[in-house]
Amino acid sequence: MNLTLRDFDWHRWRLVILGGAIIGTILICAIFAPWIAPYSPYDLDVMTMLQSPSGEHLLGTDELGRDLLSRTIFAARISMQVAFIAAGVGLIFGTLIGVAAGYFGGLVDLVLMRFMELLFSFPAILLAVVLMASLGTSILNAMIAIGIVFIPGFSRLARAATEVVLREQYVESARAIGMSHRRIVFVEILPNILAPLLVEAAVAFSYAILLESALSFLGLGAQPPEPSWGNMLNTGRGFMTQAPWLSIVPGAAIFLSVLGFNLIGDGLRDVLDPHMKE
Amino acid sequence: MITLSGVGKVFGQKRMFGGSSEFAAVSNVSLSVARGQTLGIVGESGSGKSTLLRIVLGLIRPTTGTINIDGQDIATLPRRDEKAFRRKVQPIFQNPASSFNPRQSIGAILRAPLEVHDIGTRQSRPDRVAKLLVRVGLPVDYASRYPHQLSGGQKQRVAIARAIILEPSIVLADEPTSALDVSVQSQVLELFRETREAMGLTSIFVSHNLAVIRQVSDTVAVMRLGRILEMGRVDDIFANPQHEYTRALIDAVPDHAAIMARS
Amino acid sequence: MTEPRQHALPDGLPTLRIRDLSIEFQRRRGAPLRMVDRVSIDIWPGEIVGVIGESGSGKTLTSLATLQMLPNRAAIAEGTIHLDDIPLQDRSERDMRALRGDRIALIPQDAMQSLNPTMRIGRQVGEPLELHSGLSSQRARQTVRKLLEAVHIREPEKRVQEYPHQFSGGMQQRAMIAMGLALNPQLLIADEPTTALDVTVQAQVLKLLREIRDDKGASIMFITHDLGIVAELCDWVYVMRNGQIVENGPTRRLFMAPQADYTRMLLDATLSIHTKPGVAQ
């Protein structure tokens, strides 16, 4: 029953492929920004400020004469980095904590989960702001702060999934063979809880971008002259009537990336779920 | 070889203001299994038979009583001896659908016990696995397949392979054929019998199916609500059940041979 | 090859007549998969018919087709199903709903899954009555109590107020049977109703089904993989394998002189509590 041909089930993976295409494009922009962007994102030219989209500046210029298209492309770097690092931090630490709580139970579970609930009870943005207040306002700190915001959510998911897998007979069999705790966790449990965690991670990516935008909007996170979609939105606010494109473009960029990640997340959920029914 | 004395297991806790959620899954069970023999434990749901099996496997600690396996009291087994114990006593579980890690290939699943107990080398293990697959009647290339690609009967064969790969002296089976089709069931039971004989295994076979118990056991214990009601040689129990519950069980089974003979 | 059939009426119609029924499963790519192939089954009034087969034999699909409750991708490719003189195979959903519960009732395998955990037993068992008969709730309550008595649930006035989780497995199954009986159906389709039950409880349920046939003259289609049950309960047996009927006949004849190899294989493989290992039957 080995699939030797390339009879790939396109239909089943359609959402993931679509979302993947969007994110793939954004990633390429982010990685190859210096080669793709027509101008440098920092080049000021007060003479050409607030120009509407034209042949020379495809998306127009901002209040300091910088090419909007180039700034948007470079800003993708920030957003993608934040998305991956924050989601990564949340996923790794959240899973560690959740699996430990689920596997060992008892006091470990009690202490870990109460602490998670404490973090969870803060509204995301508030928590991120508080964390950055103590860590300092750099992009790296923004990524860590957002990652920390995600940890409780992942830990809850990982713990629930671990509890389900613990009841499965193959874990009992593993114990009966005399397998060590470490091996059981890494070989029997982790691979089998990966599915819901990956789906959550996809959603976390999109949420990370939104949070970063909010943080830079508030003046934390990426500092000028670094372009980030969030701080571009912030400055664009002041020029809504004169130069609406300054808000629309970064807004559209955020929308597309969130859409892309959500499509991947939804698609993964569909792929992994009705697996059983067919 | 296996001796249980006054074994009991109570689940739940006493509550603070009177009353409790405690219940005794197993009460005062004493039995023994001679080397090379098979004890069949028969009982309906809630009889405690599966809990008892897990106690003997060392997966659940008994609340009372002693369990003596080949001279060792496993209830008080020190940690470092646990692993050696596990080599001697292996389980075969019921549900083929969930007995294996879906993410591991059959080969990996069978190699695992060898790896855990440091038997053989990376080169020699696949060989041993291959020989074992042949022995349980499966093609050697199944080692690269995954559990979902196997039928229920094939999975139970792998379960038997996994149970014997460490060459244990004792095998404890919990309803290994209950989820299988009738035609497959007899094949798997036959494999179990062959293996038992070839390896001189001592075993305990738990089931709610009286016909299977009759087929497989040398001695039988009838359990109900955590207690053993009756125990003895299989032919005696079936021909001359002493306890009325045993009689009720035997009468309740719709048996086509008896019915055809009767009418 | 017509063997004498006790319940057959020389001038009448069978309660259920399935003729050359084929069910196909639509795959996303490739030709449709034929799961049931030209199956013909007759069930006469007051007859208990056993449909025996292993997993994948198509026995459950056949029963679902009768109720027009096939899963999404499956459909009747050819053949007819008649309840008395009413054709079922093309019947509209609305018309089927009128029949379900009223003239054909299903007793599913796992009662616990089929019962609504948040609805009291009394109300659930009475649901068919509400839907089909429009009885006043007073009369419905009385009928429900009588039904629970009929299935030997003790203290029905008390049980009526309870929730499914307060019932034991056997009682849940009997409650499902009560629900099935509510409107006095002509045909009861029981799909492995005792598989999840203890053997002593199973014996009671089988006895109950026989009573229902004796007292109300209902026909029963009993789907199972257990030859012992068939021997005890059924008048006529159909043996299914891979979507086809391999053999059918009166129970006694089938067991004593099976004609198909598959039937013989099933009989040989079935363990009896009275045989010793290694002794041929």
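Which residues touch the most other members of the largest nonpolar core? In this predicted model, they are A:Ile146, A:Ala208, C:Ala175, C:Ala178 and C:Met221, out of 216 residues in that core. A nonpolar core is a set of buried Ala, Val, Leu, Ile, Met, Phe, Trp, Tyr and Cys residues joined through C-beta atoms within 7 Å. A residue is buried if 20 or more other C-beta atoms lie within 10 Å of its own, exposed if 12 or fewer, and partly exposed in between, with C-beta atoms placed from the backbone. Helix 3 of chain A (residues 68-104) gives the most to this core, namely 17 residues. Helices (H or I, at least four residues) and strands (E, at least two) are DSSP runs, numbered from the N terminus.

Residues are numbered from 1 along each chain as its sequence is written, while chains are lettered from A and ligands numbered from 1 in the order in which they are written. Local features need pLDDT of at least 70, side-chain atom pairs count only at pLDDT 80 or more, and totals for chains, interfaces and linings use all residues.

Leaving aside residues up to four places away in sequence, A:Ala208 touches A:Val82, A:Ala83, A:Ala86, A:Ala87 and A:Ile146. Contact here means C-beta atoms, placed from the backbone, within 7 Å.

Chain A has a mean pLDDT of 85, and 95% of its residues reach 70 or more. pLDDT is the predictor's confidence in each residue, from 0 to 100. Where pLDDT is low, the predicted coordinates should not be read in detail.

In chain B, strand 6 (residues 89-92) is covered on both faces. B:Val89 and B:Pro91 are buried on one side, B:Gln90 and B:Ile92 on the other. Strand 6 runs parallel to strand 7 (residues 170-174) of chain B, and four bridges join them. B:Val89 stands opposite B:Ile170 in strand 7.

The contact between chains B and C takes 26 residues from chain B and 28 residues from chain C. On the chain B side, helix 6 (182-199), helix 7 (210-216), helix 9 (244-252) and helix 10 (256-262) each give two or more residues.

Chain C holds 11 helices and 10 strands. Its C-alpha atoms fill a box of roughly 55 × 50 × 45 Å along the principal axes. Of its 281 residues, 44% count as buried.

Terms used
Contact = placed C-beta atoms within 7 Å. Pairing = 2+ DSSP bridges.
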